[in-house]
Amino acid sequence: MLVLDNNLLPTLSASTFDGLGNLQELYLRNNEVEHLPPDVFKNMVKLSQLALSGNRLKTVDGNMFAQMPELKKLYLHDNTWQCDCNIISLVQWMGQTKATMSPRNAMRCTGPPELQNKNLADLQAAKLLCA
């Protein structure tokens with residue numbers, strides 16, 4: 001288990017977690033992370049819990065979670081989700097995963113205006129557009 005909560009971390013690089021292949025729980029709550037490189041968790045195949053709530057994430061590539069076969073719980077609430085075409089892979093992954101998303105009803109869009117406060121779990125990938 002690695003707890004990095006409340007550290008004001010602004011970024012994570014692709015190599016941040018190199019050498020932590022046996023890690024099972026990673027907590028990055030309440031930092032200032034705005035972007036996750038698509039391969040940041042690439043070698044963390046044993047990860048079963050990942051907490052990214054309370055950051056500044058606007059979008060995430062859902063394919064990165066598909067590469068975590070052991071993922072059971074994922075916490076993504078309290079982020080500034082921009083619900084446009086860039087979040088399609090996350091919405092699709094959420095519809096297919098058996099992992100628990102906690103709490104599902106707290107994952108809300110902050111934009112665009114027409115989707116503000118809409119639950120990510122209720123989004124339809126085909127309707128997510130980019131200007």
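**The sheet and its surroundings**

Reply: Reading along the sequence, you get the pattern β-β-β-α-β-β-α-β-β. That comes to two helices and seven strands, where helices (H or I, at least four residues) and strands (E, at least two) are DSSP runs numbered from the N terminus. Keep in mind that this is a predicted model: local features need pLDDT of at least 70, side-chain atom pairs count only at pLDDT 80 or more, and totals for chains, interfaces and linings use all residues. Residues are numbered from 1 along each chain as its sequence is written, and side-chain values use heavy atoms, with hydrogens and water left out.

Now the sheet. Five strands make an open sheet in the order S1-S2-S3-S4-S6, with parallel pairing; two strands pair if DSSP finds at least two bridges between them. Strand S1 (2-3) and strand S6 (100-101) stand at the edges with a single partner strand each, so one side of each has no neighbour in the sheet. In general, strands of a sheet pair through backbone hydrogen bonds, either parallel or antiparallel. Here S1 and S2 pair in the parallel sense over two bridges, and Leu2 has Leu26 as its bridge partner in S2.

Going on from S2, the loop between strand S2 (25-27) and strand S3 (49-51) holds Asn43. Asn43 counts as partly exposed because its relative accessibility is 49%; buried means under 20% relative accessible area, exposed over 50%, and partly exposed in between (1.4 Å probe, protein chains only). Asn43 lies 21 residues from Asn22 in sequence, and the two are 8.9 Å apart in space, C-alpha to C-alpha.

Next, helix H2 (residues 88-96). Its buried residues include Ser89, Leu90, Val91, Trp93 and Met94.

Stepping back to the whole chain, 44% of the 131 residues count as buried. Take contacts (heavy atoms within 4.5 Å) between residues at least 6 apart in sequence: 58% of them join residues at least 24 apart. The C-alpha atoms fill a box of roughly 40 × 30 × 25 Å, taken along the principal axes.
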